[in-house]
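Please look through the structure shown here with the briefing that accompanies it. The briefing is meant for someone who has not seen this structure before.

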2 protein chains.
Amino acid sequence: MNDTLATIDTPAALIDRSRMQRNIARMQQRMNTLGVRFRPHVKTTKCIDVAIAQRDAGAQGITVSTLKEADQFFAAGFTDILYAVGMAPHRLPHALDLRRRGCALTILTDGAVSACAIAEFGRANGEAFDVLIEVDTDGHRSGIRPDEDTLLDVARVLHEGGMRLRGVMTHAGSSYDLDTPQALRAMAEQERAGCVHAARRLRDAGLPCPVVSMGSTPTALMAEALDGVTEVRAGVYVFFDLVMRNVGVCTEDDIALSVLTTVIGHQGDKGWAIVDAGWMAMSRDRGTQKQKRDFGFGQVCDVNGRVLEGYVLSGANQEHGILSREGEPDTGIAQRFPIGTRLRILPNHACATGAQFPEYHALSEEEDGALQTWGRFHGW
Amino acid sequence: MNDTLATIDTPAALIDRSRMQRNIARMQQRMNTLGVRFRPHVKTTKCIDVAIAQRDAGAQGITVSTLKEADQFFAAGFTDILYAVGMAPHRLPHALDLRRRGCALTILTDGAVSACAIAEFGRANGEAFDVLIEVDTDGHRSGIRPDEDTLLDVARVLHEGGMRLRGVMTHAGSSYDLDTPQALRAMAEQERAGCVHAARRLRDAGLPCPVVSMGSTPTALMAEALDGVTEVRAGVYVFFDLVMRNVGVCTEDDIALSVLTTVIGHQGDKGWAIVDAGWMAMSRDRGTQKQKRDFGFGQVCDVNGRVLEGYVLSGANQEHGILSREGEPDTGIAQRFPIGTRLRILPNHACATGAQFPEYHALSEEEDGALQTWGRFHGW
């Protein structure tokens, strides 16, 4: 017998497939219109079925955040993989093994030490690694600033050291902190211009730079032009979440991931329903806490995914969630949501919530209510 | 070849076995002195090897937060199991199956609806479930207040309905919000007195109440007397964490769980080292944010576990951690922690950090540096 929303055990991570397909189509169409390749970041879902849907819509290659993801997606037939975390020297044997097995793995460096380690290890093993240089266009994390001398030094270490210098990449992660169209458009332009400037410096110095890769969900969705960019990356857009809703790039009705939960008790005088989705299910991510609207640990919806305005998961212990109404307590909550009621909770941060589950349950588009089980990778 | 701290891939969840054994011994000796049974909550570790160490030290039975934990610990030979989350009616067939297979499972109810469901289902299936009533002694989550009329109603539903009423249990989770010995002792006494009062009301009404179960790590460690209590439960004490350090029941040197990480880059002018422990490794738990000392995403230690005072994980993306010095930036950080340096990060919340990993790596007490792999359960 197939699992359904009524029979599956809770908490469970649900994917609304029609919303997911809509999100995939929206991003891919945008990238097609802007004339760039799209390389989704699969760290959000760590799920083969989702990545296949992205590829079927036109994505070219994938981005991963760990070599375990690379192993697992490669085993599932994905060969064009960008490992978008600065290459730690001790992981080079693992990267070499992937390439020797036929994976077109591109690796990343953000400085001279790791570039030297890559070139030395590559030469010692007769391998010309494909390498991108990470460029820092917003100061939020890693990378070399487009104007730094180091940029050309690192490029030469790779190129003259016999590696395949593929170009530059950047990620404007600070776009997550913005929430107006103007600011997002400006950040997208800053990300684009910085990365294109770095590429120009490489080419002006006679160095190869076929790839100019940028992206984050907010900047990918808000960029007005991508002149000079060859490829865009984004991850969370496939599910969206309440943080992205507050950033302003989706609505609650676009959020394709939710946690199915069951009401297991009440504290009626406080207006609390106790549900079996605690932080172990939702994750401890409180990403909306400092945004324009704080959703606690998540927005409550009915079992069919309709938002129940004003009801949020206001507290969470490991396996208990406290569900309440914002503002005045709902002292009739035990009648509104009796024990056994099933609800869905939209998450603050889809990447973090997904990671709490060994698998997703995808609601079939045919609307017969059957749930498909889609696996998810865990660990390193 | 055995993994060691130098060879294992990072990030990895490390258990310092001698600290763990010291934490286990400290709690068990306290409980022995206070004359109560001790039933550890295994939700913190979800690890058979840790639970065996707790049992070997004198623990009697275990506490679980999901029926999956019950399944898995039962399969490993643990038979006396308390499922300490209010029983959802749809899970009764699962609980029945565990009992039919020989598990001495005790379940929990926090109100009339679930008590009726338990009694009806039990009678329909010829099963006299062992049931505790959850008592609310601090208002932080679930349970019936010791003075409520409902307490006796629920007890009668169970007892007269043919179930084995075992007694009362409470959890003063709000003890986590305190940070002085006086306040913690007062909360322990409030928890004890409330639970004992509820037990007395049952007995005065001629109802059975052999079990009076209370506990949280802070109250278990700070209680001055436990008169009337038969059993104490606690979970996080086995590892401790920075939240417990701020509560005041351990020091950094007691924390037995850490995340081993590798330095993968720098932003030298900002005083940042980039490490491969991001929030996917540490969890998104920022539990020290509102406590007396905020450790960011964790306290940095050297590879041998010695605290590097003032260095914290100040930021975290999915697979990147930003390591910096509190106060003035350490612009010499690239020399202090070169690429490839291994460090350990003490977590804010051991239960949440552990959950990010499929396994632990336990540092052998024999100090030959070999790491043992201990499995960990994931999901529901």
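This is a predicted model: local features need pLDDT of at least 70, side-chain atom pairs count only at pLDDT 80 or more; totals for chains, interfaces and linings use all residues.

Residues are numbered from 1 along each chain as its sequence is written, and chains are lettered from A and ligands numbered from 1 in the order in which they are written. Helices (H or I, at least four residues) and strands (E, at least two) are DSSP runs numbered from the N terminus, and two strands pair if DSSP finds at least two bridges between them.

**The sheet of chain A**

- In chain A, eight strands make up an open sheet with parallel pairing, and their order is β2-β9-β8-β7-β6-β5-β4-β3.
- The edges of this sheet are β2 (37-38) and β3 (62-64) of chain A, each of which pairs on one side only.
- Strand β8 (residues 211-214) of chain A runs parallel to strand β9 (residues 231-232) of chain A, and two bridges join them; A:M214 has A:V232 in β9(A) as its bridge partner.
- Helix α6 (residues 149-160) of chain A lies across β5 (104-109), β6 (130-135) and β7 (164-170) of chain A, and runs at about 175 degrees to β6(A). Here, axes are lines fitted to C-alpha atoms, for helices over the stretch in contact, and angles run from 0 to 180 degrees between N-to-C directions.

**The sheet of chain B**

- Chain B has an open sheet of eight strands in the order β2-β9-β8-β7-β6-β5-β4-β3, and the pairing is parallel.
- Its edge strands are β2 (37-38) and β3 (62-64) of chain B, each pairing on one side only.
- Two bridges link strand β8 (residues 211-214) of chain B with strand β9 (residues 231-232) of chain B in the parallel sense, and B:M214 has B:V232 in β9(B) as its bridge partner.
- Helix α7 (residues 181-204) of chain B packs on the sheet and touches β6 (130-135), β7 (164-170) and β8 of chain B, with a direction that makes about 155 degrees with that of β7(B).

**Pairs of packed helices**

- Helix α3 (residues 67-75) of chain A packs against helix α4 (residues 92-100) of chain A at an angle of about 15 degrees, and their axes are 11 Å apart. That angle makes α3(A) roughly parallel to α4(A), a term that covers angles under 35 degrees.
- In this pair, A:L67, A:A70, A:D71 and A:F74 of α3(A) meet A:H94, A:A95 and A:L98 of α4(A), where two residues are in contact if their C-beta atoms, placed from the backbone, lie within 7 Å.
- In chain B, α5(B) and helix α6 (residues 149-160) of chain B pack at an angle of about 10 degrees with their axes 9 Å apart, and α5(B) and α6(B) are therefore roughly parallel to each other.
- The residues of α5(B) that take part are B:A112, B:A115, B:C116, B:I118 and B:A119, which meet B:T150, B:D153, B:V154, B:V157 and B:L158 in α6(B).

**A buried residue in chain A**

- A:E134 has its place in strand β6 of chain A, and it counts as buried because it has 25 C-beta neighbours inside 10 Å; a residue is buried if 20 or more other C-beta atoms, placed from the backbone, lie within 10 Å of its own.
- The C-alpha atoms of A:E134 and A:L108 are separated by 6.4 Å, although these residues are 26 residues apart along the chain.
- Leaving aside neighbours within four places in sequence, the contacts of A:E134 include A:G86, A:D110, A:S142 and A:M169.

**Hairpins in chain A**

- Strand β12 (residues 299-302) of chain A pairs with strand β13 (residues 307-316) of chain A in the antiparallel sense over two bridges, and A:C301 stands opposite A:V307 in β13(A).
- The hairpin of β12(A) and β13(A) has four residues between the strands, and in it A:G305 takes a positive phi near 95 degrees.
- β13(A) also pairs with strand β14 (residues 321-325) of chain A in the antiparallel sense, over five bridges, and the hairpin that β13(A) and β14(A) form has four residues between them.

**Contact between the chains**

- 43 residues of chain B are in contact with 43 residues of chain A.
- On the side of chain B that touches chain A, β10(B) gives the most, with four residues.

Notes: Angles under 35 degrees count as roughly parallel, over 145 as roughly antiparallel, 65 to 115 as roughly perpendicular and the rest as oblique. A residue is buried if 20 or more other C-beta atoms lie within 10 Å of its own, exposed if 12 or fewer, and partly exposed in between; C-beta atoms are placed from the backbone.
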